[in-house]
Amino acid sequence: MRRILPKRGGWLLLFAAVFATLFAAACGGDDDDTPASTAAGGATTASGAATKPVTIGFLYVGAVDDGGYNQAAYQGQLAVEKLPNVKVIKAENVPESAEAERVMEQMIQQGATIIFPTSFGHLDPAIKVGEKYPNVTFLHQGGLKTSKNVGTYFGASWEANYLAGIAAGKVTKTNKLGYVVAFPISQTLLNINAFELGAKSVNPAVTTTVIFTATWCDPAKIAESVKSLKDQGVDVLNQHQDCPGAGIQAAEKAGMFSVGYHVDDSKLAPNGWLTAATWDWTKLFVDLVNQVRDGTYKVSQVRQSMADGVVKLAPFGKAVPKDVQDLVLATQKKILSGELEIFAGPVKDQGGTEKIKAGAKQPPVTELETMNYLVEGVIGKIPQ
Amino acid sequence: MTIAETVRTRIGAPAFGGPQLLGPFVRFGLAIGAAIAVFSVVLLLDGTNPLDTVQLMWDASVGTEFGRNEVLVKLIPFGLCALAVAVPARVGLINVGGEGQFYIGAWAAAGAILYSGAPGPALIPLALVAGALGGGAWAGIVALLRVKGGVNEAISSLLLNFVAIQFVNYFVYGPWKDPSGPNWPFSAKFPGSAMLPVVWGDRVTLAIVFVAVGLVAMFLVLRYTRIGYEARVVGGNPLAAERSGIPVARYLFLAMVVGGAIAGIAGMAEVTGIQGRLRPGISVNYGYIGFLAAWLGGHRPLGILLAALLFGAISVGGDSLQLGLDLPGSTVNILMALILFAVLAGRKNRTGVGA
């Protein structure tokens, strides 16, 4: 029997498809390598920190040059690496499934006694592995629960997103903002809500349209969402994605303004860049590692804010007029001093129900992190 | 179009009877050797010593007890997904749909566990049956299209993978989302009675027995039964098979469905053995790697076992490239892809010899 031509074509197609699928994971972070803006300068060695050699493992859900979430955390890793007698091992592209368990166990096999699982979905695997290795300390980024040896840390990025919202609310011409979001977890909802509240504080007519992409980093999906927002008249893009670079570029091309996230991606949008909520994990990571090493670490949910320096506002782009910059910076001062509480009542959800009563103070972070609604002025539904 | 004509548009090479000149071991060695050779060049270009790399991967996968156990953990999805390709391949069908059948099997198993209300001891058998039925039904779509409509099963099964993944996503993002979870896309946690018992090490579950049973059954059926014989005839020369009265269409249909059922069981084994709940991304390309393993193993039980072990070792050892050598996380994908190249190139040779 001879081969038949169309079959050969079929094989090529098949081959291409299998090949493409195998590589899909690898291509997630194909943005430009954006050098991190966060300096490692915040690293301080706590006096008396143990200098016994220690191995520390870092897990990332994506690539550490993703121009976003993982890159920001990687800057923290680099600061930890500078500590004396520290050996760091890292693993990129670790899925948020039982795969992460194996990677963490392999790190422990290699001597790791402190592990940073840095993605939200790494929490359950960390707790599971933690049960087996009670002497290993896990420091999870963003987790909403703890176990005996698994603590968490995170930062109030919504504070910076409130400020970005002020800038967005001032520069928008259509009064329509857009937010491309990965998953509808409380931390993303906090960002969206703060952004809308910030924008509304200076521009009552403004709305924020939300699109959920259901992946942390899918540049094609992000770009598609940006296009659909643009078609709806949105002229300011904000994102809660691990790799916002693709979206920023798409927005720039479409003539929209951009608010970035995680790192300063301003060079991707020379015209439309407004600002961004960025992370500076360096000091917190170093502090946590030092605490674990000298035995003072207690498992807890560490939550830091802009006042602690974990969350920063990226430099403004030229699209933000001077008076708006001044307004944003003045508001930042009020947040830093505690004079302004972003989620002080009244906060109404999309249906007009008062979720935080008028006159109520801003709930504590633990309570904020149970947020499961979008505020009035946000368009779009939390997928149920 | 008669069935025979339909069948004739199938892949030309009878194959799977296998070439006599190149034994599976030789083919195996050549493919892996070639892939590693090219991979070494890539590593050298990166300034990494290939010998260190291979040594490290060996140590991480075969050289430690933990590594060996993890390879066995991977043998479960890889072995079952390879069987899901090999069974249809014996009648000449190309099943690229293992990934989707895996997801639907996992979905059906999860549904049975969470929503059937069955008592604890019944959960595992029920999930097993549900997984097999789910995967089988999903493959049944492909089989029907193939037998009734003459639709190329390689294409339809591949495309259905994406449908399956979205289908499962719909449930975990929507109606099946864990009500007590942080709005995170996964189902509620399965009760302990629904989890496959661990039979070896920390994570090797009873599903390893499914793999063994599957491989042995395939061997016995093909070698000693009439069904196996007729299936091989269908795969080797469908026209002759039809002329000699073998119900070719029935064989094509059943082989595809059985393949899908096996992939469905792999999905069931993953959620009840490893993940403990249904979530997106439960398969790390298991269906596709199983496909590679089946082709590398010549669709024979022993070959599949070896190939599945090999891919298990590569994926477990692949972690060490990051952890030990600080190579980018995607490096191991290069090696996997190179093996794919080598297998495909080797296949061309084979048909040259065998056809």
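This is a predicted model: local features need pLDDT of at least 70, side-chain atom pairs count only at pLDDT 80 or more; totals for chains, interfaces and linings use all residues.
Local features required pLDDT of at least 70 and side-chain atom pairs pLDDT 80 or more, while totals for chains, interfaces and linings use all residues. Residues are numbered from 1 along each chain as its sequence is written, with chains lettered from A and ligands numbered from 1 in the order written.

In chain A, helix 5 (residues 157-171) packs against helix 6 (residues 186-202) at about 40°, with the axes 6 Å apart. Helices (H or I, at least four residues) and strands (E, at least two) are DSSP runs, numbered from the N terminus; axes are lines fitted to C-alpha atoms, for helices over the stretch in contact, and angles run from 0 to 180 degrees between N-to-C directions. Among the residues making the contact are A:Trp158 and A:Tyr162 of helix 5 and A:Phe195 of helix 6 (C-beta atoms, placed from the backbone, within 7 Å).

Helix 5 of chain A also packs on a sheet, touching strands 6, 8, 9, 10 and 12, and its direction makes about 175° with that of strand 10. This open sheet of chain A holds seven strands in the order 12-10-9-8-6-7-15, with mixed pairing (at least two DSSP bridges between paired strands). Strands 10 and 12 of chain A run antiparallel and are joined by three bridges; A:Trp279 has A:Val311 as its bridge partner.

In chain B, helix 6 (residues 120-149) is followed by B:Gly150, whose phi is positive, near 65°.

Conventions: Two residues are in contact if their C-beta atoms, placed from the backbone, lie within 7 Å. The expected span of a helix is 1.5 Å times one less than its number of residues.
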